[in-house]
2 protein chains.
Amino acid sequence: MSSKTTHSRRRSARSDGIRTRRAILDEAASLATVEGLDGLSLARLAERVGISKSGLFAHFGSKEELQLATVERATEIFDEVVVRPAAGAPDGLERLRALLEGFLGHVEVGVFPGGCFFASAAAELDTRSGPVRELALGVVADWTEALEAAVREAQDEGRIVRDVDPVQLVFELDAYVMLANAQFVASGSNDPLERARRAIADRLAAVVAVARRP
Amino acid sequence: MSSKTTHSRRRSARSDGIRTRRAILDEAASLATVEGLDGLSLARLAERVGISKSGLFAHFGSKEELQLATVERATEIFDEVVVRPAAGAPDGLERLRALLEGFLGHVEVGVFPGGCFFASAAAELDTRSGPVRELALGVVADWTEALEAAVREAQDEGRIVRDVDPVQLVFELDAYVMLANAQFVASGSNDPLERARRAIADRLAAVVAVARRP
């Protein structure tokens, strides 16, 4: 009985630790889109989560460690709200649309207060060097690759015409959602999101292989 | 004679002051695209220009004053290398092309080490408030308006079809050059600039009123 209690206390302490770590990282991912990853104030972060600054350091030995864990947590959130829901699409063309709309939707509902976490991180870190930059730019590259894979699949399925260069098409589609993100955050208006939706619909209408279908 | 010497010394001291101020702002505009406007280190800036930190404060009473003057200097540079050369274009369509190519060119040659000064400043300041943000976002709005004015002129001149919405078209064209800027800075590769050039050419080809000409 006593050993059982000790065990359950240990387990509870561990899950408290996991919960606190998660709370710190959720807050850090939000704050980073407003203040930057370098601008993250450990004092303010600790205060927001309701722990001491030394309590924060018990979870993350250094600011870089915190930044890396924050990028990882933001990646989990992005996967959860944008990438994974699109995985259920019936084909490549619908997955492409779902990824782009998922991106615009996560900006619109304010998953992060400063818009896309990775656009924000990339703009901040693009001229720096180090593991935090590499990790954040890796996620941006994965995003581009997911879009390109959807285009290629749509071509294999005969839904997007063959003579379209997937890299070029994805550059254009990605450009719309990225500018929409930047303008939405700067203006607070939904107009840029609507412009991106219209641009995507027009661009895809021009490459969808309707004419070739019987 | 003595009064003349004093006068010319005063004038020379004043023009030294102007030169130093200009040197500070050129350096600040470059540094800000790498370290951010908030990240501008006054100590490093003074060191780079070769003056003391108190010498720097003799020119700018506060960091905000320095930031505002830096945005103004970056605006002058942007006007000089991107906007003004396009003003000589023979018509609206050519001015539109010249503005977009001027933008890509100033990124390509590295006028600022961190790419477009205003994309960098907007990404940093979009979630803040205050006069520096307002000034920087005002320049971005001027840029968009210059592109829209060129499209409208091209429509009046019969070079771009009437049924195109200038705001929507400019959103798409601007999206290409903005993503090219971000990817060029992150990767150091010219490929994104070439993709933007191709996207602009294709998008304009679809709206240029060739068929309606005799």
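Leaving aside neighbours within four places in sequence, Tyr176(B) is in contact with Glu172(A), Ala175(A), Ala196(B), Ala199(B) and Ile200(B), where two residues count as in contact if their C-beta atoms, placed from the backbone, lie within 7 Å. The model is predicted, so that local features need pLDDT of at least 70 and side-chain atom pairs count only at pLDDT 80 or more, whereas totals for chains, interfaces and linings use all residues. Residues are numbered from 1 along each chain as its sequence is written, while chains are lettered from A and ligands numbered from 1 in the order in which they are written.

Chain A holds 9 helices and 0 strands, the elements being DSSP runs numbered from the N terminus (helices H or I, at least four residues; strands E, at least two). The C-alpha trace of chain A spans about 75 × 45 × 30 Å along its principal axes. Of its 214 residues, 39% count as buried, a term that requires 20 or more other C-beta atoms within 10 Å of a residue's own, with 12 or fewer for exposed and partly exposed in between. One buried residue is Gly36(A), which counts as such because it has 21 C-beta neighbours inside 10 Å. Gly36(A) lies in the loop between α1 (2-35) and α2 (42-49) of chain A, and its C-alpha is 7.4 Å from that of Ser120(A), although 84 residues separate the two in sequence.

Two copies of a chain are related by a rotation about an axis and a shift along it.

The contact between the chains takes 23 residues from chain A and 23 residues from chain B. On the side of chain A that touches chain B, two or more residues are given by each of α6 (117-125), α8 (166-187) and α9 of chain A, and α8(A) gives the most, with 11 residues. By class, this side has 14 nonpolar, 4 polar and 5 charged residues, where Ala, Val, Leu, Ile, Met, Phe, Trp, Tyr, Cys and Pro count as nonpolar, Asp, Glu, Lys and Arg as charged, and the others, Gly among them, as polar.

Across the contact, helix α9 (residues 191-207) of chain A packs against helix α8 (residues 166-187) of chain B at an angle of about 80°, with the axes 10 Å apart; axes are lines fitted to C-alpha atoms, for helices over the stretch in contact, and angles run from 0 to 180 degrees between N-to-C directions. α9(A) and α8(B) are therefore roughly perpendicular to each other, given that 65 to 115 degrees counts as roughly perpendicular, under 35 as roughly parallel, over 145 as roughly antiparallel and the rest as oblique. Arg195(A), Arg198(A) and Ala199(A) of α9(A) meet Gln168(B), Phe171(B) and Glu172(B) of α8(B).

Within chain B, helices α5 (residues 92-108) and α9 (residues 191-207) pack at about 175°, with their axes 11 Å apart, which makes α5(B) roughly antiparallel to α9(B).
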